[in-house]
Amino acid sequence: GHTRTMTPPVLGFSADVAHLAAGAVWFGGLIAVLGAVRRARQAGDPHAAAGAIATFSGWGLVTSAVVVATGSALSWISVGGLEALTSTTYGRLLLAKVAAVAVVLVVAGWNRFRLLPRVAAAAIEEPPRDDAAAWRTLNGLVRSEVALIVVVLCLTGVLTHVTPARSAARSGPV
């Protein structure tokens with residue numbers, strides 16, 4: 001809806017499509033990696049489980065970067081400035097969405113740079129070792145990422161029904 005009113009329309013539409021596609025790959029990938037890790041660990045193959053996390057981690061980095069870049073462009077087009085961001089319902093909802101995404105990125109970074117090396121190191125030992133405590137923490141944090149992305153999706157759904165901040169700030173109180 002809002003993309004049709006953006007100027008320039010090509011930038012708005014392109015950013016919207018890229019944002020949606022990257023977000024879908026990121027969210028779907030998190031769910032898929034949870035299943036892959038569960039199957040590999042149940043099969044007693046911590047190396048395969050660590051490999052699934054490592055592979056997704058690279059894709060997660062790329063897709064989250066695209067989500068942040070395109071989301072920034074869409075936000076700038078929809079909001080236009082700090083005043084509209086802080087004084088409108090749309091702007092405040094957008095700030096909540098950005099805060100939730102920031103928490104997801106912090107958790108993802110912790111997983112990538114702290115827990116992934118720990119489970120991978122255990123998985124490549126001879127014989128491979130399954131660091132159950134690290135896996136429990138990692139799985140819990142990935143589930144938290146999924147839950148927070150669901151919150152982001154809910155906020156996005158609400159944002160689609162709210163007048164964009166740029167338009168609301170120009171029209172004044174109604």
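A: A nonpolar core here is a set of buried Ala, Val, Leu, Ile, Met, Phe, Trp, Tyr and Cys residues joined through side-chain atoms within 4.5 Å. Buried means under 20% relative accessible area, exposed over 50%, and partly exposed in between (1.4 Å probe, protein chains only). This is a predicted model, where local features need pLDDT of at least 70 and side-chain atom pairs count only at pLDDT 80 or more, while totals for chains, interfaces and linings use all residues. Residues are numbered from 1 along each chain as its sequence is written, and side-chain values use heavy atoms, with hydrogens and water left out.

Q: Which residues touch the most other members of the largest nonpolar core?
A: Trp-26, Leu-30, Val-37, Ile-53, Trp-135, Leu-138 and Ile-149 do, in a core of 24 residues. Two or more residues come from each of α1 (9-42), α2 (46-79), α4 (89-123) and α5 (132-159). The top contributor is α1, with eight residues.

Q: And what is Trp-26 in contact with, leaving aside neighbours within four places in sequence?
A: Phe-56, Gly-60, Thr-63, Ser-64, Val-67, Val-104, Leu-105, Glu-145 and Ile-149. Contact means heavy atoms within 4.5 Å.

Q: OK, zooming out. How many helices and strands are there?
A: Six helices and zero strands. Helices (H or I, at least four residues) and strands (E, at least two) are DSSP runs, numbered from the N terminus. The C-alpha trace spans about 65 × 25 × 20 Å along its principal axes, and buried residues make up 37% of the 174 in the chain.

Q: Back to α5: how many residues does it have, and how far does it reach?
A: It has 28 residues and reaches 40 Å from first C-alpha to last, close to the 40 Å expected at 1.5 Å a residue. That expected span is 1.5 Å times one less than the number of residues.

Q: Which of its residues are buried?
A: Quite a list, including Trp-135, Leu-138, Val-142, Glu-145, Ile-149 and Leu-155 in α5. Their cover includes α1, α2 and α4.

Q: Last one: where does Ala-73 lie?
A: Ala-73 is in helix α2. It counts as partly exposed because its relative accessible area is 26%. Its C-alpha is separated by 8.4 Å from that of Leu-11, 62 residues apart along the chain.
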